[in-house]
Amino acid sequence: MSRFSWFSLLALICAVVLGIYWNYDGFDPESLRGATVVITGCSTGIGEEMAYQYARLGAKILITARRENRLKEVVAKAVSLGAQEAHYVAGDMGKAEDCERTIQTAKEKFGRLDYLVLNHLGSNFGSFQDKFFNGKSWDQDPDVDFFEDFLNINLISYVRLASLALPLLKASSGHLVVVSSGFGKMYFPNVSFYCSAKFGLDGFFSSLRVELMKAGQDVSVTLAVLGFIATPKMAEKLQDVPDGEKALEGAAPIGETAQAVIRGGATRAREVYYPFYTWVMAKLPGLVPQFVDYIGVRVNMLPES
């Protein structure tokens, strides 16, 4: 191995150690006792799990989703787990009035806001799941109406909710936590609509973080870059996919993922990578794009040419 290769390996190891230290050092569970938290997308998946994790830590939570029946069940369980308060807003975060109602309700119920956790995912098109799991390339299926709707719910609404909540977060020196994906760090074929939303989250909220710092505003912005998570919905969808069960075996546990996001927000981390391979996904395309392309060819994501 050449001297340059050894130096590159050493630099990579140091970056890994520093990344772990920055993201996970200094977490105090007691800091969340009595904290006021708004979490979007809580009827299922990681949003539901985060609601329970915050509840166990004694926080006051307000959760959102479209399905009111599920929200009632999550609120009841959160209270049983130790939430000091638990409320919900049933609504579509793709609608400006529902975003406004969510933040206004938080202000009325809590009087302050310590955490805004943006986590929702969805589309008004019933074809969303099919497009994600059985998607065609954009040149074969250029559905602009779907694309516009998807960006509205999964990018624009994040910006809208953050904008509405910022006055409250500034007043409390609060935390803004944005749940994103490794799909927002490198290309993936046939899910360009999904990558676009996630790349947009990365670009906007990374820039917002710097703008707040320059303005002297004590509001942290944490971007949670997540990988393949073993959610109930994912398990259901993979039942009909070849080797779906095998793929699910490598997924990160939902409870550990929720803990990583919560811990990163509480320690004011810039970014949280979970599972760890998402860190590699985020860094390699900028450092060694040719190597990423080589791997893409090996896993049939790119053509040999």
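**Helix, cysteines and strands**

Modeller: Let's start with helix α2, residues 45-56. At 1.5 Å a residue, taken times one less than the number of residues, its twelve residues should span 16 Å, and the end C-alpha atoms are 17 Å apart, which agrees. Helices here are DSSP runs of H or I with at least four residues, strands are E runs of at least two, and both are numbered from the N terminus. This is a predicted model, where local features need pLDDT of at least 70 and side-chain atom pairs count only at pLDDT 80 or more, while totals for chains, interfaces and linings use all residues. Residues are numbered from 1 along each chain as its sequence is written, and side-chain values use heavy atoms, leaving out hydrogens and water.

Colleague: How many residues of α2 are buried?
Modeller: Eleven of the twelve, so α2 is largely enclosed by the rest of the structure. Buried means under 20% relative accessible area, with a 1.4 Å probe and protein chains only. Among them are G45, M50 and Y54.

Colleague: And what follows α2?
Modeller: G58, with a positive phi near 80°.

Colleague: New topic: how many disulfides are there?
Modeller: Zero, in a search of the whole structure, counting cysteine sulfur pairs within 2.5 Å.

Colleague: Is C42 buried or exposed?
Modeller: C42 counts as buried because its relative accessibility is 0%. C99 is buried too, with a relative accessible area of 0%.

Colleague: Which strand does β2 pair with?
Modeller: β2 (residues 60-65) pairs with β3 (residues 85-90), in the parallel sense, over six bridges; pairing takes at least two DSSP bridges. I61 stands opposite A86 in β3.

Terms used. Buried means under 20% relative accessible area, exposed over 50%, partly exposed in between (1.4 Å probe, protein chains only).
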